[in-house]
Structure formats: C-alpha cells, structure tokens
Amino acid sequence: MLQRPAESYSWQPRQRGTTIQCHDAPASDPPLPANYFTPGCFYCIETICAPCGVVIAWTKFARSESTTNILNFLGSVYKTEESHPDYVCIDKGCQVLATAVTNGSWEI
C-alpha cells in the first residue's frame with residue numbers, strides 16, 4: 001500500500017493529515033461535586049494484591065501517592081504482627097523503606 005498510494009480502499013481513511021481525536025482534546029474541568037465532603041476526583045487507587053492476583057484491599061488517595069500514605073494504608077490492612085506479609089513489592093520500595101526507617105514505623 002505504501003508503494004501504491006493512489007489506490008484507495010473502503011477501509012482507508014479518506015483524509016490525511018492531523019486530526020484531533022477525542023482523547024487528544026484538551027481536558028475540561030471536572031464537574032463540581034455534589035457536596036464538599038469528598039474530592040471531585042482522586043489521584044489514584046492503591047491496591048494490595050496476593051501473588052495470585054486476587055485483590056486483598058484497596059483505597060483511594062485523594063492528593064498524592066506519598067510514602068506516608070502507603071505506610072498508613074499498609075498499617076490499616078495489616079494491623080497485627082501475625083498478619084504481616086513476608087515481603088512487599090512496590091514500585092517505590094526504596095522510598096517507602098527510607099520513610100519507614102526515618103519515622104520509626106519500621107519498628108512497628
């Protein structure tokens with residue numbers, strides 16, 4: 001097809017050039033919330049999964065995925081020492097470990 005651009009088929013686009021797709025359009029402001037007790041949108045949803053992929057727990061982070069938010073979430077899910085997992089895999093592992101050692105939650 002690249003060698004014979006003059007040929008046209010029904011599945012080919014009729015117009016060439018830059019077209020703006022819906023997902024490329026500028027984002028509009030989110031609508032105002034019905035009340036002011038919850039944020040209009042959340043930064044991310046953090047999940048804890050078992051090695052087999054089953055979701056154990058999840059939470060919403062309203063403003064940031066900070067290391068203290070992650071540590072507080074882990075502490076709320078694994079409240080007793082017997083329930084602590086043997087290891088935790090996280091993309092910010094070094095930062096979370098540094099924060100845990102700095103603020104003393106490593107001892108807990």
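The second largest pocket of this predicted model holds about 420 Å³ of space. A pocket here is an open set of points on a 1 Å grid over the protein atoms alone, where a 1.4 Å probe fits, with protein on both sides within 12 Å along at least five of seven lines. Its volume is the space filled by probe spheres set on the points, which are joined across faces, edges and corners. Lining residues have an atom within 4 Å of a point. The second largest pocket is lined by 17 residues, and I48, C49, Y87, V88 and C89 are the closest to its centre. Strand 1 (44-49) and helix 1 each give two or more residues to this lining. Strand 1 supplies the largest share, four residues. Helices (H or I, at least four residues) and strands (E, at least two) are DSSP runs, numbered from the N terminus. The lining comprises 14 nonpolar residues, one polar and two charged. Ala, Val, Leu, Ile, Met, Phe, Trp, Tyr, Cys and Pro count as nonpolar; Asp, Glu, Lys and Arg count as charged; the others, Gly among them, count as polar.

The largest pocket holds about 690 Å³. It has 22 lining residues, of which L71, L74, V88, S105 and W106 lie closest to its centre. Helix 1 (67-77) and helix 2 (93-103) each contribute at least two lining residues. Helix 2 gives the largest share, five residues. Twelve residues of this lining are nonpolar, seven polar and three charged.

Residues are numbered from 1 along each chain as its sequence is written. In this predicted model, local features need pLDDT of at least 70 and side-chain atom pairs count only at pLDDT 80 or more, while totals for chains, interfaces and linings use all residues; side-chain values use heavy atoms, leaving out hydrogens and water.
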